[in-house]
Amino acid sequence: QGEPEVQEYRSPGLGSGFIVDKKGDTYFVITNNHVAGSADEILVKLHDGEEYEAKLVGTDSRKDLALVKFESKEDLPVARLGDSDSLYVGDWVLAIGSPFGYKSSVSAGIISAMGRQNGPDGNINDFIQTDAAINQGNSGGPLVNMEGEVIGINTWITTSTGGSIGLGFSIPINNVKRTIRDFIEKGEVRYGWLGVSIGDLPEESVEAMSLTGHKGAFVYQVFNNSPADKGGIHSGDFILSVNGVEANDKNHLTRMIGDMRPGCP
């Protein structure tokens, strides 16, 4: 008997996204890396049913972002990006996407919390928490304020049922804006690097070092010949701010440094 024939199996994926820029006839769509980052083929379907073959421009696994592009001579609308730093708990928002394949679905809710950090492993974002219904297929879709501006990218949920229980999380759009520019201009994201090992201090150490009431991150290690080493940062330092902006904790400091362009003072 001969060897059994091996058949190729291809699994279709589903996610959401939105147009963030246009260059000539080229349109750029932002979505999640876990939606499009490892896809062999990408098909963009618009709300009116029009379909376009798309190509991957760049991915960023640390922020779970991916940018794809497609060509069209049609005059398509580009999303207006808002300011996620101006949000307040209680603000009304709309989550838009294709949950379970029901395209162009809209759900309403409020911002439940800001600055959530217990996201998927390796993700460096802080997140907007919302009770607007987010389900499978919503990933990569926009979270929109009442002015129609995108203020977040819907990314993950906490659930015990597999469906929405009112605990959805979105990447703040201000975490995304520079990434979009880097994708379009360079095809990749360039992170700033300080060259330190940092962490939060236990409460007893905070009291012993007279740091009660102060926010920031403790430097456990400085790498030789790193920017931190050359700049005079030492093990045992406590970093309070970056360029005058207060660092809330180690994760916030990591995001601030990462969002600085390499070579910046």
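Helices here are DSSP runs of H or I with at least four residues, numbered from the N terminus. By that reading, Asn-33 is found in helix H1, which covers residues 33-36. Keep in mind that this is a predicted model.

**Around Asn-33**

Let's stay with Asn-33 for a moment. Is Asn-33 buried or exposed? Asn-33 counts as buried because its relative accessibility is 18%, and the cut-off for buried is under 20%.

S6 is joined to strand S7 (residues 105-116) and runs antiparallel to it, with six bridges between them. S6 also runs antiparallel to strand S9 (residues 142-144), this time with two bridges. A further antiparallel pair, S13 with S14, turns up elsewhere in the chain and is listed here too.

| Strand pair | Bridges | Residues standing opposite |
|---|---|---|
| S6 and S7 | six | Gly-97 and Ser-105 |
| S6 and S9 | two | Leu-94 and Val-144 |
| S13 and S14 | two | Ala-217 and Ile-239 |

**The S12-S13-S14 sheet**

S12, S13 and S14 form an open antiparallel sheet, in the order S12-S13-S14. Its edge strands are S12 (196-199) and S14 (238-239), each pairing on one side only. S13 takes in residues 217-222, and Ala-217 stands opposite Ile-239 in S14. Lying across S12, S13 and S14 is helix H5, residues 250-258, which runs at about 145 degrees to S12.

**The cavity**

How many cavities of 30 Å³ or more does a search of the whole structure find? One turns up, and the largest cavity holds about 30 Å³ of space. Its lining consists of Lys-63, Arg-178, Thr-179, Asp-182, Val-189, Tyr-191, Gly-258 and Asp-259. Helix H2, residues 177-186, gives the most to that lining, with three residues. Sorted by class, the lining has four charged, two polar and two nonpolar residues.

Terms used. Residues numbered from 1 in each chain as written. Predicted model: local features only at pLDDT ≥ 70, side-chain atom pairs only at ≥ 80, totals over all residues. Heavy atoms only, no water. Pairing = 2+ DSSP bridges. 1 Å grid on protein atoms, 1.4 Å probe; cavity = no way out; pocket = protein on both sides within 12 Å on 5 of 7 lines; lining within 4 Å. Points joined across faces, edges and corners; volume = space filled by probe spheres on them. Nonpolar A, V, L, I, M, F, W, Y, C, P; charged D, E, K, R; others polar. Contact = heavy atoms within 4.5 Å. Axes fitted to C-alpha atoms, helices over the stretch in contact; angles between N-to-C directions. Buried < 20%, exposed > 50% of the residue type's maximum accessible area, 1.4 Å probe, protein only.
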